[in-house]
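Subject: Handover of a structure and notes on it

Dear colleague,

Please find the structure below, followed by an account of what was found in it. I would be grateful if you could read the two side by side.

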Amino acid sequence: MKIMAEVEEVELDGEYGSVDGLRVACSRCGESVDVYGRSSSSARRGAAELRDACTCRGSKFFVLDGYDD
Ligand SMILES: [Zn+2]
């Protein structure tokens, strides 16, 4: 099943202060993961992590709507 992943720009706590990151959230259950970086590959990494974090049942495929460099 395709699920829309909502991508939001956030500031994350890094070792030397705040760093740019992305929050990728499941549009169905609202579960989210934070990843470092704001490139499209960061967003894809977030989508991969979200597959484990998300509590929705069944097979999942997250679609990053419109998010690209
Ligand atoms: Zn979910």
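Which elements of the protein chain have the lowest and the highest mean pLDDT? Strand β4 (residues 61-64) has the lowest, at 93, and strand β3 (residues 32-36) the highest, at 97. Here pLDDT is the predictor's confidence in each residue, from 0 to 100. Helices (H or I, at least four residues) and strands (E, at least two) are DSSP runs, numbered from the N terminus. Over the protein chain the average pLDDT is 93, and 96% of the residues score at least 70.

This is a predicted model, in which local features need pLDDT of at least 70 and side-chain atom pairs count only at pLDDT 80 or more, while totals for chains, interfaces and linings use all residues. Residues are numbered from 1 along each chain as its sequence is written, and side-chain values use heavy atoms, with hydrogens and water left out.

The zinc site

The zinc ion has four protein donors: Cys26 (SG), Cys29 (SG), Cys54 (SG) and Cys56 (SG), at 2.3 to 2.4 Å from the ion. Donors are N, O and S atoms within 2.8 Å of the metal (3.2 Å for Na, K and Ca); water is not among the atoms, so sites may look incomplete. The arrangement is tetrahedral because the four donor atoms subtend angles of 101 to 115° around the zinc ion. Four donors count as tetrahedral if all angles lie between 85 and 135 degrees. For four tetrahedral donors, the ideal angle at a metal is 109.5 degrees.

Along the sequence, the donor residues follow the spacing C-x2-C-x24-C-x1-C. Distant parts of the chain are linked by Cys29, in the loop between β2 (17-26) and β3, and Cys56, in the loop between α1 and β4, 27 residues apart. Cys29 is partly exposed, with a relative accessible area of 33%, whereas Cys56 is buried, at 14%. The cut-offs are under 20% relative accessible area for buried, over 50% for exposed, and in between for partly exposed (1.4 Å probe, protein chains only).

The largest pocket

The largest pocket holds about 160 Å³ of space. Helix α1 (40-53) and strand β4 each give two or more residues to its lining. The lining consists of Arg44, Ala47, Ala48, Arg51, Phe61, Phe62, Val63 and Leu64. By class, six of these are nonpolar, none is polar and two are charged. Ala, Val, Leu, Ile, Met, Phe, Trp, Tyr, Cys and Pro count as nonpolar, Asp, Glu, Lys and Arg as charged, and the others, Gly among them, as polar.

A pocket is an open set of points on a 1 Å grid over the protein atoms alone, where a 1.4 Å probe fits, with protein on both sides within 12 Å along at least five of seven lines; lining residues have an atom within 4 Å of a point. The volume is the space filled by probe spheres set on the points, which are joined across faces, edges and corners.

Individual residues

Val63 lies in strand β4 and is partly exposed, with a relative accessible area of 26%. Its C-alpha atom is 14 Å from that of Ser32, 31 residues away in sequence. Ser32 belongs to strand β3 and is partly exposed at 30%.

Leu50, in helix α1, is buried, with a relative accessible area of 0%. The C-alpha atoms of Leu50 and Asp34 are 9.2 Å apart.

Yours sincerely

Terms used: Tetrahedral: all angles 85-135°; square planar, octahedral: opposite > 155°, others 65-115°.
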